[in-house]
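Please keep the sequence and the structure in view while reading. The paragraphs below go from the sheet to the core, then to the ligand and a few local backbone features.

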Amino acid sequence: MSAVVHRSLKIDFPRIVGGEGNYVILEDGRRIFDASGGAAVACIGHGDTRVHDAIATQLKQISYCSTTFYTTDVCEKLCRDLVDSTHGVMKRAYLVNSGSEAMEAAMKLARQYYLEKVPPEPSRMRFIAREHSYHGITLGSLSMGGHVTRRAKFEPMLLDCVSRVSRCFPFRDKRVHETDSQYVARLADELDQEFRRVGPETVCAFVAEPIVGAALGCVPFIPGYLKAMKAVCEKYGALFILDEVMCGMGRSGTYHAWEQDDNAAPDIQTIGKCLGGGYQPIAGVLASKRVIEAFEKGTGVFVHGHTYQGHPVTCAAALAVQKIIREENLVQNVSNMGGLLSARLKGLLASHPNVGDIRGSGLFWGIEFVADTTTNKPFPSSAGVASGIAELGITEPYCIAVYPSSGTVDGVNGDHVIISPAYNISPADVETIATTVQRLIIDYFASKN
Ligand code: PLP
C-alpha cells in the first residue's frame, strides 16, 4: 500500500521505474507507449540526456536564487527566446512553476494593468471566461474556469468576479444549417452582450483556451473565432487573454496556437506543460507591449511573486527542451505527423458506433464517445467510459497511455480521451498509436456489449 497522498486514496497506481523516448516502463516490465505524454507534457519524450546534462550543469553553477534580488543567464535567455518567438507581440515573460500559477499571475497582471495605465481604470476587476473551460486548480484559476466537477465542492469559496459565455464547440453546439461564420458571429455577439450586461467599464479581460484541452478534449477554435473575440475586447478596451498552457509551445502545429487565426495575438498569454516538457515544473506568462509599457510608465512593479519563480534549474531544463524543438524542427514535425494522425484516426475510427467525434490540431487529438451516433447521446458519467478505456489501455496487449476525461455535454457527462504524443514521433509511431487505439476502443466496447 502506498504511503503517498495521491488524488485517489482508493487506487494503487502502477509504479513507473523508467522512461525511454516514447515509452514509460512499469515495475512489472510493461513498456507503455506514452501516447498522451502524461497530461500533454512530455513533448520530447522521456529520458533525453541532453536535458539531463543541462540540468546538472545548471545545478553545479547555482541551484537557486531569489528573483527578488538576482537574475540568472538561463532565466534571461529563456525569457528573451519566449518573447522573440512572438514576432514582436510580447515584451516580457514571467516564469512560475505551474499552469495554475501562470493563470493566477495573468489575472493579477490584468487587474494591475488597469491601475498602472494612464488614466487608470480602477473599476475594472471582472473577467469573462467560457463554459466548461479549465484554467487551473488553485482558487483563483479554478474561479476562472468553468470546469463543473472540479469546481463543485469548492463553489462557495470561489471568486465572484468571473462570468461566463458559451464555449466554441461545433460538434455539440453549432446549430443545424448554421455556417462556421454565422456560429462565430453568434458567439461574438454573445460576448458583446455579456460586456454590456456586466458593464464594460468593470471588465479586465476575456479569457479563453484557443484549443480546449482537458475539459472538452482538444476542441480547436473555428477559423475567425479568436479574431472575432479579440475585436469585441478591443471595442470595450478590455484585454484579450489566451491560456495556452496545454495547447501551446508547438503542440497545435504552430509554436503558439493563436498564430493559426490570422495572428490574433493576445495581450497576455499563459504557457506551461510543453515549456519544460516535464523535465522540470515550469510555466509562464507572456505580457504584450501594451501591458508592459503601462507598467514601465507606472510603478514598474508587479505586486506578485513566488519563492521559486524563474528558478534557474527549471529554466535550464526549458531552454534545453526548447533548443531541441527548434534544432530538430519539431513544430514542423508536429504539423506533419498531426496530419497523418488525424487521417489515420478518422480512417480507422470514424465509423465506430461509439465514436461521436474526432477533433484536434497538430499532435493534440480528442476522441469523443457516444452511446448513439445518430443523437450523439453521451454515456452516463457513472459508466466511467473514458477512464475505463484508459485503464484497459495500459494492460496487455495494448500497452498504450491515453488521457481520459469527461464533461463535454454539460460538464459532467460526455467522455473523451486525449492523444498528445511527443513532437518527435515518426510515421511508424503514428501507425502504432492509431492501430492500437483502434483495437483498444473496439475491444473496450465489445466487452461491454
Ligand atoms: N490551463 C490549462 C488550459 C490547462 O490545461 C491546465 C492543466 O491541465 C492548467 C491551466 C493548469 O496547469 P497546472 O496543472 O500546471 O497547474
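Helices (H or I, at least four residues) and strands (E, at least two) are DSSP runs, numbered from the N terminus. Residues are numbered from 1 along each chain as its sequence is written. The model is predicted, so to speak of local features requires pLDDT of at least 70, side-chain atom pairs count only at pLDDT 80 or more, and totals for chains, interfaces and linings use all residues.

Start with the sheet. Two strands pair if DSSP finds at least two bridges between them. Strands of a sheet pair through backbone hydrogen bonds, either parallel or antiparallel. Here 7 strands form an open sheet with mixed pairing, in the order β4-β12-β11-β10-β7-β5-β6. Its edge strands, β4 (90–96) and β6 (162–165), each pair on one side only. From one strand to the next, the twist averages 20°. Within this sheet, β11 (residues 268–271) and β12 (residues 283–288) run antiparallel and are joined by 4 bridges. Gln269 has Leu286 as its bridge partner in β12.

Two helices lie across strands of the sheet. Contact here means that the C-beta atoms of two residues, placed from the backbone, lie within 7 Å. Axes are lines fitted to C-alpha atoms, for helices over the stretch in contact, and angles run from 0 to 180 degrees between N-to-C directions. Helix α8 (residues 180–198) lies across β5 (126–130), β6 and β7 (203–208), at about 150° to β6. Helix α9 (residues 225–235) lies across β7 and β10 (239–244), at about 145° to β10.

Next comes the core. A residue is buried if 20 or more other C-beta atoms lie within 10 Å of its own, exposed if 12 or fewer, and partly exposed in between; these C-beta atoms are placed from the backbone. A nonpolar core is a set of buried Ala, Val, Leu, Ile, Met, Phe, Trp, Tyr and Cys residues joined through C-beta atoms within 7 Å. The largest such core has 133 residues, and Ala205, Met229 and Val402 have the most contacts inside it. Helix α11 (residues 312–327) gives the largest share of this core, 10 residues. The ligand is surrounded by 17 residues, the closest being Ser98, Gly99, Ser100, Val245 and Met246. Helix α4 (residues 99–116) supplies the largest share of this shell, 3 residues.

Strand β1 is a contrast in setting. Of the 5 residues of β1 (residues 16–20), the number buried is 0, so this strand lies largely in the open. It runs antiparallel to β2 (residues 23–26), with 4 bridges between them. Gly19 stands opposite Val24 in β2. The hairpin of β1 and β2 has 2 residues between the strands, and Gly21 takes a positive phi near 55° there.

The peptide bond from Val118 to Pro119 is cis, with omega near -5°, and Pro119 is in the loop between α4 and β5. The bond from Glu396 to Pro397 is also a cis peptide bond, with omega near 0°. His177, in the loop between α7 (170–173) and α8, has a positive phi near 70°. His177 counts as exposed because it has 6 C-beta neighbours inside 10 Å.

Note on methods:
Near = placed C-beta within 6 Å.
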